[in-house]
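The points go from the conventions to the sheets, and then to individual residues.

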Amino acid sequence: MQEPVTPSDFHDTAAPAQATSPSLWWRRWWRRQTPGRQDRFAMLAPLAAVLLFLAAIVSAFGYLRLEEMDREQEAVKRDVEYAQQRVRLRLLERQEQMMRIARDISNKEVDEEEFVGRSESMIIQYPELQAVTWIDARRRIKAGYAAPSVSSSQIRAAGETLRAGETESTYSLARDLQQPVYSQPAAGTDGTGLLQLHIPLTEQGRFSGVILGEYSIDGLLRYGVPAEVSAKYAVALLDGKGRVLAGSSVPARNPATQLLPWAAQANEYEVPVSPVGNGLIIRAQAYRTSLGVIGSGLFWLVGALSVMTAWMLIGNWRHTRRRMQAQQALVAETNFRRAMENSMLTGMRALDMQGRITYVNAAFCQMTGWSEAELVGRTPPFPYWPEADREQLAARLDDELQGRTTPGGFQVRVKRKDGSLFDARLYVSPLVDAKGHQTGWMTSMTDITEPNRIREQLSASYERFTTVLEALDASVSVAPLGSEELLFANKLYRLWFGVQTAGHLQMVAQAGVPEHPRNDESLDEVDSFVGLPTGALTTAQSENAEIFVPELGKWLEVRSRYLNWVDGRLAQMVIATDITPRRHAEEQSAAQAERAQSASRLITMGEMASSVAHELNQPLTAINNYCNGMVSRIKGKQINEDDLLAALDKTARQAQRAGQIIQRIRSFVKRSEPNRTLSDITLMVNEAVELAEIELRRRNVRLSHYVAARLPKLMVDPILIEQVLVNLLKNAAESIEHARRPAARRSVELRVIPKQVDELPVVEFSVLDSGAGLAPEVMERLYEAFFSTKVEGMGIGLNLCRTIVESHQGRMQAENIYNGTEVAGCRFSFWIPVSGATNNIANKDAGVTV
């Protein structure tokens with residue numbers, strides 16, 4: 001039951017100043033609980049305490065077990081690396097001996113008989129060496145010696161030639177690299193592993209063969225691995241695929257039979273054996289020496305904790321004794337060391353095993369600004385530690401005290417007494433006394449503020465450079481010639497093509513730029529740039545091309561050039577810019593121009609509709625008169641056969657004339673794709689004159705035209721050029737009518753003559769009228785779209801004419817003709833380059849020297 005609430009309770013809660021004591025607050029809280037809740041708390045509290053105690057013991061045991069496993073792993077790693085060094089030294093010693101033999105052979109100081117004797121001596125002295133063979137440049141065996149244990153199928157007799165596929169890749173690699181090459185170890189016919197070493201022979205700088213040394217993998221393991229390592233571990237030599245070549249392995253443990261999760265983990269370590277590389281790996285597996293923990297009773301757990309506590313006390317006592325001995329040794333050597341170390345410019349600091357400063361020299365005090373009295377005896381955190389770096393420095397100090405030091409030192413920030421900071425590099429090494437006991441750690445400190453400043457400037461420069469390249473809206477990639485390695489790729493390239501060099505090579509191939517020059521006259525690959533000055537390549541202008549990449553669905557403008565990479569290799573840089581919007585805009589512009597041309601022709605014929613109707617009315621009237629006359633004369637029987645045939649012939653000619661007029665108008669206004677062909681100038685002019693004469697006769701304007709003889713043909717679209725001529729002639733007639741010239745001055749002249757523009761042959765078309773000319777303000781806006789001086793004009797005629805002329809690489813201009821100070825007319829002219837000069841004009845407009 002819940003206790004009734006009394007006024008004193010409200011008084012207690014309303015007066016927090018009286019409940020400041022924790023014990024008083026605890027008693028009041030306990031009294032507020034119901035008896036049933038008090039019983040539950042009284043039962044659960046000891047249970048929770050026991051569970052927490054058990055959890056703490058289990059956690060401590062598990063932690064200690066994991067620490068022990070880490071130490072065992074470190075021991076395995078240390079022993080394996082020691083064994084690897086022993087095997088490495090053994091291989092290097094044999095390699096050096098065979099290289100000396102190779103040098104003597106190259107100097108012709110050793111013949112076949114002496115070679116066999118020296119090989120026999122080596123094989124007898126070093127059991128792991130199975131055979132030594134001398135092979136010439138034609139893969140023939142000149143001499144060799146094999147151990148008696150080598151099987152007969154593996155013995156190579158003098159005069160034989162290496163079998164196809166035998167040591168082929170390693171032999172070729174040694175020949176190409178001109179340096180010793182180890183083969184990938186392979187199993188022999190009798191199950192023993194074989195390792196081959198090819199040492200190239202040179203004679204006057206040319207390849208003359210190899211010295212082939214063959215090792216027994218089992219012999220390397222037996223004689224190269226120290227006995228103390230083999231006794232502790234199951235040592236084996238593996239190939240690159242993890243297959244055992246020699247040695248033994250510990251059977252895998254079944255995790256289902258282990259009580260603890262970490263008991264099933266294999267304590268092993270493996271490392272490649274240099275100089276062979278990843279093809280030969282040494283592995284050591286620790287033998288299982290413990291039976292594991294069976295059962296989890298409290299007695300054994302408490303007993304283990306008690307033993308561990310006693311062991312820690314004994315260890316602490318031994319550590320204290322060693323510390324006293326170290327302190328006495330330090331006192332004995334203080335005077336000598338003080339004199340020697342105070343003369344050094346490098347700061348020195350000594351720590352004991354607990355991390356307490358036991359010594360600093362004068363240079364250290366001068367760097368930090370703290371005196372020796374202020375530093376000696378201090379424990380972490382040290383006064384020269386910056387507040388912001390204390391956690392990091394504390395972790396680093398803990399690593400030092402545990403022996404996890406970096407051979408190359410590490411960089412830290414140090415605070416001077418005045419609060420300023422400087423960068424320093426610390427080198428830590430064990431401090432060992434005269435008896436060989438480690439008494440602490442010795443630290444040397446060097447001020448590296450200035451080198452760091454220079455390094456930061458270089459890093460900032462590189463970062464700025466990288467940021468700019470990553471932010472470019474163009475893809476940038478660099479790859480060496482003759483290789484599929486990608487040296488550099490910015491963000492946009494990686495977004496388009498990933499991190500592979502396939503995109504770079506694809507753009508180079510599509511752009512038509514040579515990426516990998518080859519010498520087709522030889523079966524072997526030969527660098528085509530050998531002996532040539534590559535500086536001309538790196539200083540040459542970049543090559544441009546526009547390509548379409550289907551995988552991206554984009555048009556790219558590709559620019560490439562050669563450059564010398566930082567390692568001296570000749571590389572090719574490709575810069576690709578997305579020009580898809582520009583290409584789409586050009587296509588839309590071309591389509592709009594085509595529609596404008598068709599519309600302009602329709603507008604022109606619309607304006608000429610009355611003249612066309614009048615022109616057609618004449619042949620139609622003549623046909624009608626001929627037909628009526630023939631009908632009347634036939635009815636009156638006053639016509640003979642000759643007169644009838646003559647009338648019919650005239651009627652047919654008038655009908656043919658009307659059909660030609662209609663056909664010419666249809667071909668003029670018909671919308672078609674631009675079709676540039678070699679066109680005859682005289683034919684184009686005649687077609688345009690026949691179309692324009694209809695309008696000129698309606699306006700009572702005389703037309704005279706002159707076409708020079710022997711003009712070359714032009715590569716143009718004849719319909720578009722006729723459209724330009726018709727528009728100019730029609731505008732000339734309209735200008736004359738607008739100026740209200742008398743009949744004697746109503747004339748238009750069309751002239752077509754050859755000409756030279758910038759020393760290039762062109763054909764000039766000019767239309768001269770006798771109108772009122774062009775006002776200055778009209779001249780400035782003459783070719784502006786939708787600008788017209790006519791009330792009913794749309795302002796697209798001259799703009800379209802100029803666009804057509806410039807699309808044919810030509811130019812158009814207008815000028816007034818003066819008679820004294822009076823404007824006597826206007827002259828519109830344009831020129832089209834002859835077909836052979838078209839490309840030259842295009843190149844000159846692009847700024848290219850031909």
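1. Helices (H or I, at least four residues) and strands (E, at least two) are DSSP runs, numbered from the N terminus. The model is a predicted one, in which local features need pLDDT of at least 70 and side-chain atom pairs count only at pLDDT 80 or more, while totals for chains, interfaces and linings use all residues. Residues are numbered from 1 along each chain as its sequence is written, and side-chain values use heavy atoms, with hydrogens and water left out.

2. An open sheet is formed by 5 strands in the order β22-β24-β25-β27-β26, with mixed pairing, where two strands pair if DSSP finds at least two bridges between them. At the edges stand β22 (702-707) and β26 (811-819), and because each has a single partner strand, one side of each is left without a neighbour in the sheet. From one strand to the next the twist averages 20 degrees, given that axes are lines fitted to C-alpha atoms, for helices over the stretch in contact, and that angles run from 0 to 180 degrees between N-to-C directions.

3. Within this sheet, strand β25 (residues 760-769) pairs with strand β27 (residues 822-833) in the antiparallel sense over 8 bridges, and Asp 769 has Cys 826 of β27 as its bridge partner. Helix α19 (residues 681-698) lies across β22, β24 (747-757) and β25, and runs at about 175 degrees to β22; contact here means heavy atoms within 4.5 Å.

4. Two hairpins share strand β14, and they can be read one after the other. Strand β13 (residues 410-415) runs antiparallel to strand β14 (residues 421-432) and is joined to it by 6 bridges, with Arg 413 having Asp 423 as its bridge partner in β14. The hairpin of β13 and β14 has 5 residues between the strands, and Gly 419 in the turn has a positive phi of about 95 degrees. Strand β15 (residues 438-447) is antiparallel to β14, with 9 bridges between them, and Leu 431 stands opposite Gly 440 in β15; in this hairpin, which has 5 residues between the strands, Gly 436 takes a positive phi near 85 degrees.

5. Most residues other than glycine have a negative phi, and most peptide bonds are trans. Arg 740, in the loop between α20 (718-739) and β24, has a positive phi near 55 degrees, and Glu 759, in the loop between β24 and β25, has a positive phi of about 65 degrees. Arg 740 counts as exposed because its relative accessibility is 74%, and Glu 759 counts as exposed at 75%, where buried means under 20% relative accessible area, exposed over 50%, and partly exposed in between (1.4 Å probe, protein chains only).

6. Which peptide bonds are cis, and where do they lie? One joins Ser 274 and Pro 275, with omega about 5 degrees, and Pro 275 is placed in the loop between β9 (268-273) and β10 (277-286). Another runs from Pro 380 to Pro 381, with omega near 0 degrees, and Pro 381 is placed in the loop between α10 (372-375) and α11 (390-401).

7. Two further places deserve a look. In helix α5 (residues 168-177) the buried residues are Thr 170, Tyr 171, Ser 172 and Ala 174, and just after α5, Gln 178 takes a positive phi of about 60 degrees. Asp 473, in the loop between α12 (449-471) and β16 (474-480), counts as exposed because its relative accessibility is 63%.
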